[in-house]
Amino acid sequence: MIRKLLYGGGALGASMFAATAAFAQDAAATAAPTVDKGDTAWMMTSTLLVLMMIVPGLALFYGGLARTKNMLSVMTQVGAVAALAMLVWVGWGYSEAFGDGGNALIAGFGKALLAGVTPTTTSATFTKGVAIPEYVFVCFQMTFAAITVALVLGSVVERMKFSAVMVFAVLWLTLAYFPIAHMVWGGNGLFFTKGALDFAGGTVVHINSGVAALVACLILGKRIGYGSEIMAPHSLAMTGIGTGLLWVGWFGFNAGSALEANGSAALAMMNTFVGTAAAGLAWMLAEKLAGHKPSALGFCSGIVAGLVAVTPAAGNSGPLGAIVLCFLTAFVCYFAVTKLKHMFGYDDALDTFGVHGVGGMCGAMGTGVVYSAALGGPAGESWIGMGAQLLVQGETVLTTIVWTAVATAISIYVAKAVTGLRVTSDVEREGLDLGEHGERAYNY
Amino acid sequence: MKFIIAIIKPFKLDEVREALGAIGVAGMTVSEVKGFGRQKGQTEIYRGAEYSTNMLPKVKLEIAASDALAPQVVETIQEAASTDSIGDGKIFVFDLASATRIRTGETGDTAL
């Protein structure tokens, strides 16, 4: 979508700078933008769809993958960090990511506590002169912050203290999420000004959370009994329900990222259907080719890997490009989850790195390819300078990896100093549901 | 009196219960159990993590019967629970020292 601004027919210039909330006020000053009720209604709907991805979507998806004794702790951690992220977002997150001024790494803090945001202020969309109410943009982006920090938890569940999770969440959002969101989407952001393509947050949400998950689980260490005891998912039915909710919710995430109810949103919607479908089938095909049965968990994993891969490409690819991109990504993620993890022996409990980190990287790089009009993408020209674009995409990916790795390490070590980080081995064996929350998920 | 413990395949439970009812067995206790014998376990794979389960689910029946009825009970279970394949289970018979009906205090065969 950013590329659309850079290459879009005649739209270069004013609209490029009207692209983000950072410039909403400027736009309002020059000519009062039109707020369309259809756009506004769609963006409100999209916002709620993303909330549904978190609770109950991600909570059930992750919860089902955990063991019976940790079901509630997983669901509670997901819900609680999402709620915390919303408060932090109002406190300083929105301003740090999308406030006025600032530099290439973070925005200014002038909008802390949502200072100056009123029902009449607006945020620019990608169409010149068209805006949405700023509160809607604040809410929409708030759900992105909330789901991203919840995603990270997938690697550390079943052993990290609830208190440590909460401390980590505040620090990580501040040090990793808000800066990277600014770098990718802020008008003066580091990656934005380089022309990186990331339609709905493949870098901000998925590479960011995936790499953070890997670093966090490496510092935290493996679960007791990892590799020797059975750690099978306790309910793939729950995971299946969660997968469905994630898929439906992802239309808000991807098509909502168009910020308007228009053709770009429609393209994102199309791709979120077919790219995802291709990846769900591809994962099962990979299982079959590896000599196993096509599994329910494989289908769910493929669906999520496809959703991750299509995120940066949603409005930056044609349907065929999205299908090929997601199909290939599923194979790479399958390898990461079933082979790479066991080769290196890290305990990424629910495979956040393998699916979101690796899938996000495939999506980010692939988007640089499928964007060209010759491959069915929406670029203004048949072949974009693909080498140059891939270089920008690669730079963005690498910078994000390094940035979030450092930010995650700081956040985890501070959480460790404050809370002790890990539950006792007794609590871990008995389960975090009882040990950390005093409840059981199931009382038959 | 005899105490009979039978381990059978779970899906055979209804057939066995009906057959035993037909020969006059008035009650039994049933529990879901796990165990292993000659039958091999299964392999489950979740995202490349392979778990082989040696313990298979079975159903355990506990029946107290008079000395007269006991041989017939064993025969009935054996016939009804059989599928002619490994994993059909086993039947064990013990001598039973006493039985008491809690409501009335009756003992012996009349308590069964």
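Visitor: Which residue of E5(B) stands opposite B:Ile7?

Guide: B:Ile7 stands opposite B:Lys60 in E5(B). This is a predicted model, in which local features need pLDDT of at least 70, side-chain atom pairs count only at pLDDT 80 or more, and totals for chains, interfaces and linings use all residues. Residues are numbered from 1 along each chain as its sequence is written, while chains are lettered from A and ligands numbered from 1 in the order in which they are written.

Visitor: What makes E1 and E5 of chain B a pair of strands?

Guide: Two strands pair if DSSP finds at least two bridges between them. Strand E1 (residues 2–8) and strand E5 (residues 56–65) of chain B have 7 bridges, in the antiparallel sense, and therefore they meet the definition. E2(B) and E5(B) are also paired in the antiparallel sense, over 7 bridges. In that pairing, B:Ser31 stands opposite B:Lys60.

Visitor: Why are E2 and E6 of chain B said to stand at the edges?

Guide: The open sheet has 4 strands in the order E2-E5-E1-E6 (chain B), paired in the antiparallel sense. Strand E2 (29–35) and strand E6 (89–95) each have a single partner strand, so one side of each is left without a neighbour in the sheet. From one strand to the next, the twist averages 20 degrees; axes are lines fitted to C-alpha atoms (for helices over the stretch in contact), and angles run from 0 to 180 degrees between N-to-C directions.

Visitor: Why is E2(B) described as hardly covered?

Guide: A residue is buried if 20 or more other C-beta atoms, placed from the backbone, lie within 10 Å of its own, exposed if 12 or fewer, and partly exposed in between. Among the 7 residues of E2(B), the count of buried residues is 0. In chain B, buried residues make up 17% of the 112 residues; in chain A, 59% of the 444 residues count as buried.

Visitor: How do you know what the helices and strands of each chain are?

Guide: They are DSSP runs, numbered from the N terminus: helices are H or I of at least four residues, and strands are E of at least two. Under this rule chain B has 2 helices and 6 strands, in the pattern β-α-β-β-β-β-α-β along the sequence. Chain A has 17 helices and 3 strands.

Visitor: What makes the radius of gyration of chain A agree with that of a compact globule?

Guide: The radius is taken over C-alpha atoms, and the globule rule is 2.2 Å times the number of residues to the power 0.38. With 444 residues the rule gives a value near 22 Å, and chain A has 21 Å, which agrees. The C-alpha trace of chain B spans about 60 × 30 × 20 Å along its principal axes.

Visitor: How do you know which residues form the contact between the chains?

Guide: Two residues are in contact if their C-beta atoms, placed from the backbone, lie within 7 Å. The contact takes 12 residues from chain A and 7 residues from chain B. On the side of chain A that touches chain B, helix H12 (296–313) and helix H13 (319–344) each supply at least two residues, and the largest share, 4 residues, comes from H13(A).

Visitor: What confidence does the predictor give?

Guide: The complex has an ipTM of 0.83 and a pTM of 0.88. Chain B averages a pLDDT (confidence in each residue, from 0 to 100) of 93, and 100% of its residues score at least 70.
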